[in-house]
Amino acid sequence: MSAPVEAGPAAHDVPAVQQRTVRTLVVSQAVGAVGVTIGVATASLLARDISGSETMAGLAQTFQVLGTAAAAYALARVMRRRGRRVGLVTGYLLGATGAVLAVVAGVVDSMLVLLLGAVLLGATTAVNSASRYAATDLATEEHRARALSVVVWATTIGAVAGPNLVGVGGAVAVRAGIPELTGGFAIGSVVLVAAAAWVWLRLRPDPLLVAQQAAGVSPGAVVESRGRSWGRFVEVVRDVPAVGAAVVAMACAHAAMVTVMIMTPLHMEHGGAHLEVIGFVISVHVLGMFAFSPVVGWAADRFGRSPVLVAGGVLLLVSLTLCAVSPQGSSWEIFAGLFLLGLGWSCATVAASTVIADRTPILARTDVQGTSDMAMSLTAAGGGALAGVIVGALGYSALALFAELMAFAVVVAGVQARARG
């Protein structure tokens, strides 16, 4: 089936379409993030209760990350042929189905159903990542990073609101007669359907299809290019080294951030920190990740992508050094370290994503973007798996120093992106 044909580019006011696209994505990003985070807060507890083992508690999050990686690749193929609108809606509906399965898992007490739901719920994270690229399809080069960063910023709303709705989810569960820990997933399923409906109704005309037509790419050319997503990714990375450097930087920054972030609550708990303090530190970290992204986008447009990418790597190095020297429990080092860890991630992710959007040919755009997001998720999953082993054998400080190797790779990749750009 060929991609849907829209009116020719001359029929569109491109700046107006771009403005409508960004506004639509800001709302869907905020709503979609609520749908994901409201369940994340209770996923590990639900897995523990169903399995009866604390060692199995992390499996739900692990399977969700793997689902994100698979969905990033699969949805990219859908978007290349059918446009952003169909791909994003498909991802949100898959996520909503995963949330429903999590509720079913709690009712029937099935770990298998819960893990399947977690995999499908990972599609929502993939959609939120793809949305940042959708904001760049029609953006001019001098405003591309800002358009991308505004959509990233919208995640702040959902990331803050979602966990705070856990209590509401519990009340909903009691009224519905389902297990209390599944209430968040029940609300999440409704929220994700709402996000899908919003994108379906508002993301018209489709920014990617308009961009393809403006570039002279016919629907027939898209159809003929089917079946070679990985090959197109390899071609672009080989022919445009700056894109390869950006993919490496984004994956390493994400892995460094996730690896240390997931073990920080344990490090603080061992020193007697209260749950409220631990929660506040994680909130400060999330603030660093998303709240300042519009400023980061402005800097990437004003001073260039590579300088901001290198700055992100340097911030990661500083943050990880602070984490390495932080004592167990609550300390100024861990507060500053986690904030800068989020800010460094923001700089690296916004700048690297913009390089990929800048330099990837239109016909390979979604393939490269989806494959790079898949690499980012898989690298983070590998780092998360190693984190517990390293902390158990050598301690939290050793984990932070190990993550510095990935942060240093971000700096090197940033330099390479500039040299080969």
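So, which backbone nitrogen does a side-chain oxygen of S110 reach at the start of helix 4? That of L112, to within 3.5 Å. That's a polar contact, meaning a pair of N or O atoms within 3.5 Å; within protein, one must be able to donate a hydrogen and the other to accept it, and residues adjacent in sequence count only if both atoms are side-chain atoms.

Quick housekeeping. This is a predicted model, where local features need pLDDT of at least 70 and side-chain atom pairs count only at pLDDT 80 or more, while totals for chains, interfaces and linings use all residues. Residues are numbered from 1 along each chain as its sequence is written, and side-chain values use heavy atoms, with hydrogens and water left out.

Back to helix 4, residues 111–134. Helices here are DSSP runs (H or I, at least four residues), numbered from the N terminus. Helix 4 has 24 residues, which should span 34 Å at 1.5 Å a residue, and its end C-alpha atoms sit 35 Å apart, so that agrees. The expected span is 1.5 Å times one less than the number of residues. Of those 24 residues, 18 are buried, so the rest of the structure largely encloses helix 4. Buried is under 20% relative accessible area, exposed is over 50%, and partly exposed is in between (1.4 Å probe, protein chains only).

Now, two loops. D109, in the loop between helix 3 (84–108) and helix 4, has a positive phi of about 60 degrees, though it's not a glycine. Then P205, in the loop between helix 7 (183–202) and helix 8 (207–214), is joined to R204 by a cis peptide bond, with omega about -5 degrees. For context, most residues other than glycine have a negative phi, and most peptide bonds are trans.

Last, the surface. L287, F292, V295, W298 and F303 make a nonpolar patch with about 490 Å² of accessible area together. Patch residues have over 30% relative accessible area and no salt bridge; like charges are joined within 9 Å, nonpolar side chains (Val, Leu, Ile, Met, Phe, Trp, Tyr) within 5 Å. A salt bridge is a side-chain nitrogen of Lys or Arg within 4 Å of a carboxyl oxygen of Asp or Glu. Helix 14 (residues 293–303) gives the most, with three residues.

Note on methods:
Accessible areas come from the Shrake-Rupley method with a 1.4 Å probe; for residues, only the protein chains shown count as cover.
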